[in-house]
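Q: Can you walk me through this one before I set anything up? I'll jump around a bit.

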Number of protein chains: 2
Amino acid sequence: MSTIKDVANEANVSVATVSRVLNNNGYVNEDTRKKVLKAIEKLDYKPNAVARSLFKKQSKTIALIVPDIKNPFFPEIARAIEDVLNNNDYTLILCNSDEHEDKEKKYFDVMKQKYVDGVIIVTSTLTPNYIEKNNIPIVSLDRPIHQSIPSVSVNNYEGAKEAVQYLKKIGCKKIAHVRGPVSVINADERYKGYLSEVCNEPWFNKDYIINGNYNVLETAKATMVLLSKHRDIDGIFAGNDYMALGVLKAATQMGIRIPQDLSLIGFDGIQLCELTSPEITTMAQPIYELGESAAKLLLDMIEGKAVNPAQQEFKVSLKIGQSTKVLR
Amino acid sequence: MSTIKDVANEANVSVATVSRVLNNNGYVNEDTRKKVLKAIEKLDYKPNAVARSLFKKQSKTIALIVPDIKNPFFPEIARAIEDVLNNNDYTLILCNSDEHEDKEKKYFDVMKQKYVDGVIIVTSTLTPNYIEKNNIPIVSLDRPIHQSIPSVSVNNYEGAKEAVQYLKKIGCKKIAHVRGPVSVINADERYKGYLSEVCNEPWFNKDYIINGNYNVLETAKATMVLLSKHRDIDGIFAGNDYMALGVLKAATQMGIRIPQDLSLIGFDGIQLCELTSPEITTMAQPIYELGESAAKLLLDMIEGKAVNPAQQEFKVSLKIGQSTKVLR
DNA sequence: TTCTTGTGTGTAACCGGTTACATGTTTTTT
DNA sequence: AAAAAACATGTAACCGGTTACACACAAGAA
């Protein structure tokens, strides 16, 4: 690999001049510029990003910290983010936290040591205090942390209400909820949305709420217990699509027909919804847009641009599949 | 952030001494070491990874280039790799190539500029020549490129044969194949494996081979055409699980019962297989192990260790689900 | 006692860029 | 014509580490 010095020698100028044409700043005579460009071409010179980072204290790299990339929601997000970064000459570092605070913090340390320019994080454990102490541009995605931390998310509460309302509208009389882990903010919000819609119903029963913990098999098991105990449940609102998959599995296994016997609605709108049969009705987040916005927001922050609404909330929209009774 | 100089000042020693205790090399008096350690503690000093990189010409970072992280096979691989790296103080950069040579090459350039220590790549387009020219430790994953390039993969040909053999064993009389994209080496191998098992069968018909292009919806469509034309097909070997999902969808939509009317077997063993109903029978790759091995192999290469079998081939194993008729 | 050898530490060069500053030349302004 | 502004380029410090080399001293060998 040739260095800036090699180029300088080849072009018979100083390294400063080469640097100037490289970065397009300062005065450079047109002829000199051409000479340098030719030398760069000839040596196939590529500036050393590390040396540049050291001086500039920035690495053109951002980190994405998610609980687990195997959860199908996150690859979709990651893809959107990577696309934006790629178009802006940034690079993406991927981190799996397993919702584990220690791991998150360890990643943060590494990020700072590597001059990572910013981070996009999906977390339920980190405090605003810790984050601000670290003093690195950050965007929380999917799960807002605090008003002081820029975030990109959706209206989980309203969305959950809409989901339950839709189940009611198509005629469901007893609606259960498979909720995500306690203390995950959006799982809580969705749960609250469900609750607000059903708590005053005469049929409402606290046993209709089960915990799926973002795990398909666990959800399937819990659902089987639920459905065999309460045979009159005719609607289920799953806290996300991944868990809805578990409900679908449980129902199929038990010979409960979806949507004839049981209507199922999920949340998220991951691609998988369209690939199952029946296709899962869901409250769809604009997932790609979410990732895109988070990335753009972060890049703006890094480049010191004003970020108008630092708390971006997108709307979810009902995406009717085949897992809910047809309205007539 | 404090620097090595701050620590040196605090401890009243030179930066060289601090560096020595940091890296545990050279002579350092025990008392001095303690002084330095205390200063490090007091200042919460973390060495600057970029400065270190510049001198050492290595970044403790490796890149993973996959076609598209949204394909559920890759997050599982990525997760395994990230785990290994994390345990070895390496960081993972994620790149989506979309099978596009230009993008792959662009990533390579960036990697070299950032002193990325090695790359794990899933590619069908890069030539051994180009790769060797780049002179950066590399492991090809899932799709071997050439004997000269270390790789981690499975016995696709044999696996495909086994899959078809199993379909025969359970009594399938007419077996179709949904193949992956032409020129993807493992899709070709699986296709050949299928062919070798069926080409001499009296019933064999070239029309039984359709192309799913790693796309679920496309596969579903093509499968519907296939199945409505050839109503006597009673077994399908899908080139991977993701496409098997498409077959499942098509069959369900057409009212064809799986496994009663049609047996379906996939390839890969992604987690999704267990989450559908019926669960998909598949020739399972040891996915996590694959990623793990690729990462370990690459780290060994980076650290200059001899890599015994630089071409690692794992075995796939039949994982019986519910999408194939029960053998009795 | 003198010569090695081992221990302990500091100085400064180096990694490969960027940029403040100095210097000289040309062009524009007054 | 003199002063100011714009242009062009080079020198060297700097980013924050690592390490070759020099030097001083103590312990062991001859």
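**Contacts, interface and cavities**

A: Let's start at the DNA: a polar backbone atom of Asn29(B) is 2.8 Å from a phosphate oxygen of DNA strand C. A polar contact here is a pair of N or O atoms within 3.5 Å; within protein, one must be able to donate a hydrogen and the other to accept it, and residues adjacent in sequence count only if both atoms are side-chain atoms.

Q: Before we go on, what am I looking at?

A: This is a predicted model, where local features need pLDDT of at least 70, side-chain atom pairs count only at pLDDT 80 or more, and totals for chains, interfaces and linings use all residues. Residues are numbered from 1 along each chain as its sequence is written, chains are lettered from A and ligands numbered from 1 in the order in which they are written, and side-chain values use heavy atoms, with hydrogens and water left out.

Q: What does Arg20(B) touch on DNA strand C?

A: A base oxygen, at 2.5 Å from a polar side-chain atom of Arg20(B). From the other chain, Ser19(A) has a polar side-chain atom 2.6 Å from a phosphate oxygen of DNA strand C.

Q: Which element gives the largest share of the surface near DNA strand C?

A: H4(A), with five residues. H2 and H4 of chain A and H2 and H4 of chain B each supply at least two residues there. Helices (H or I, at least four residues) and strands (E, at least two) are DSSP runs, numbered from the N terminus.

Q: How does the surface near DNA strand D split by class?

A: Into 14 nonpolar, 10 polar and five charged residues. Ala, Val, Leu, Ile, Met, Phe, Trp, Tyr, Cys and Pro count as nonpolar, Asp, Glu, Lys and Arg as charged, and the others, Gly among them, as polar.

Q: Switching topic: how many residues of chain A and chain B are in the contact?

A: 53 residues from chain A and 53 residues from chain B, where contact means heavy atoms within 4.5 Å. The two chains bury about 4600 Å² between them, 55% of it on carbon and sulfur atoms. In chain B, Arg79(B), Gln113(B) and Leu275(B) lose the most area to chain A, together 15% of what that side buries. Buried area is the accessible area (1.4 Å probe) that two parts lose on being put together, summed over both.

Q: How many cavities of 30 Å³ or more are there?

A: Four, from a search of the whole structure. On a 1 Å grid over the protein atoms alone, a cavity is a set of points where a 1.4 Å probe fits but cannot get out, and lining residues have an atom within 4 Å of a point. Grid points are joined across faces, edges and corners, and a volume is the space filled by probe spheres set on the points.

Q: What's in the largest cavity's lining?

A: 18 residues, with Pro72(A), Leu272(A), Lys70(B), Pro72(B) and Leu272(B) nearest its centre. The largest cavity holds about 280 Å³ of space, and its lining divides into 12 nonpolar, two polar and four charged residues.

Notes
On a 1 Å grid over the protein atoms alone, a cavity is a set of points where a 1.4 Å probe fits but cannot get out, and a pocket is an open set with protein on both sides within 12 Å along at least five of seven lines; lining residues have an atom within 4 Å of a point.
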